[in-house]
Amino acid sequence: MGRGTAVVLAALLAVAGCRPGGGGDAGRSDEGGGPGSGRPSGPALSAVASLTVKGRAPKTGYERSAFGSSWVDTDDNGCGTRDDILKRDLAKVRFRGGHCLVASGTLDDDPYTGRSMRFVRGHSKVDIDHVVALSDAWQKGAGQWDRDKRVAFANDPLNLIAVDASANRGKGDGDAATWLPPNKAYRCDYVAHQVAVKKKYGVWVTRAEKDAMTRVLNRCPDAKLPARGGR
């Protein structure tokens, strides 16, 4: 083969997304990614490896009040954390008596179910969920924290999201090994958020949980590790 012919062939292969001697992307499964897959690991998948693996500690002593009063104003903006998250995650928000109390809004494309629903204060099917449940955190390190760190954890926007209430109740204090959102399209983002929260606060994971996180993120190896809350 002459030099000119070889250059043309190489250009055609590049346009087609192939490499000489390789099969391109054809036949790849969405289960790919991670070590040995030939595909680069994104930051979320890489971060899973940095999480400490330990057994679950007893739940003894856990109570919601250990993480402070519900929805305090930790960012000093004059509004409680719950309303901050509602303002962030809902569309068509209306307020009651100012700019803090969210009276109504719409949760478009709920991340846990994929459905849309209406939020009306006092009659709502929308919960503010801790992506890493407080009880789960308590059993994996938070029981040893001081109160200030627990209050920060419970009110961190990175760890909070508006979701369908029934799905949230079904989750309980489950981790990635025992519960994933029914909406499969959101599972990568969900696990990436859990990894980010656990890495930020030093919450450990069980072996089964780490394996589950890895399985999910192997399907989306380029998923980023979020630095702040939101979808």
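Let's start with a term: a residue is buried under 20% relative accessible area, exposed over 50%, and partly exposed in between, using a 1.4 Å probe and protein chains only. The model here is predicted, so local features need pLDDT of at least 70 and side-chain atom pairs count only at pLDDT 80 or more, while totals for chains, interfaces and linings use all residues. Residues are numbered from 1 along each chain as its sequence is written, and side-chain values use heavy atoms, with hydrogens and water left out.

With that in hand, look at Trp71, which sits in the loop between helix H2 (43-48) and helix H3 (81-89). Helices (H or I, at least four residues) and strands (E, at least two) are DSSP runs, numbered from the N terminus. Trp71 isn't a glycine, yet its phi is positive, at about 60°. Its relative accessible area is 23%, which makes Trp71 partly exposed.

Asp109 is another non-glycine residue with a positive phi, near 55°. You'll find Asp109 in the loop between strand E2 (102-107) and strand E3 (117-120). Asp109 is partly exposed too, with a relative accessible area of 46%.

Next, follow the chain into H3. Its buried residues are Thr81, Asp83, Asp84, Ile85, Leu86 and Asp89. The cover over these includes strand E1 (91-95), E2, E3, strand E4 (126-130) and strand E5 (160-164).

Now for a helix pair. Helix H7 (residues 187-201) packs against helix H8 (residues 207-218) at an angle of about 135°, and their axes are 9 Å apart. Axes here are lines fitted to C-alpha atoms, for helices over the stretch in contact, and angles run from 0 to 180 degrees between N-to-C directions. H7 and H8 are therefore oblique to each other: angles under 35 degrees count as roughly parallel, over 145 as roughly antiparallel, 65 to 115 as roughly perpendicular, and the rest as oblique. On the H7 side, the contact (heavy atoms within 4.5 Å) is made by Arg187, Cys188, Val191, Ala192, Gln194, Val195 and Lys198, and on the H8 side by Glu209, Met213, Val216 and Leu217.

What about H8 on its own? H8 has 12 residues and reaches 16 Å from its first C-alpha to its last, close to the 16 Å expected at 1.5 Å a residue; that expected span is 1.5 Å times one less than the number of residues. Glu209, Lys210, Ala212, Met213, Val216, Leu217 and Asn218 of H8 are buried. Their cover includes H2, helix H4 (134-138) and H7.
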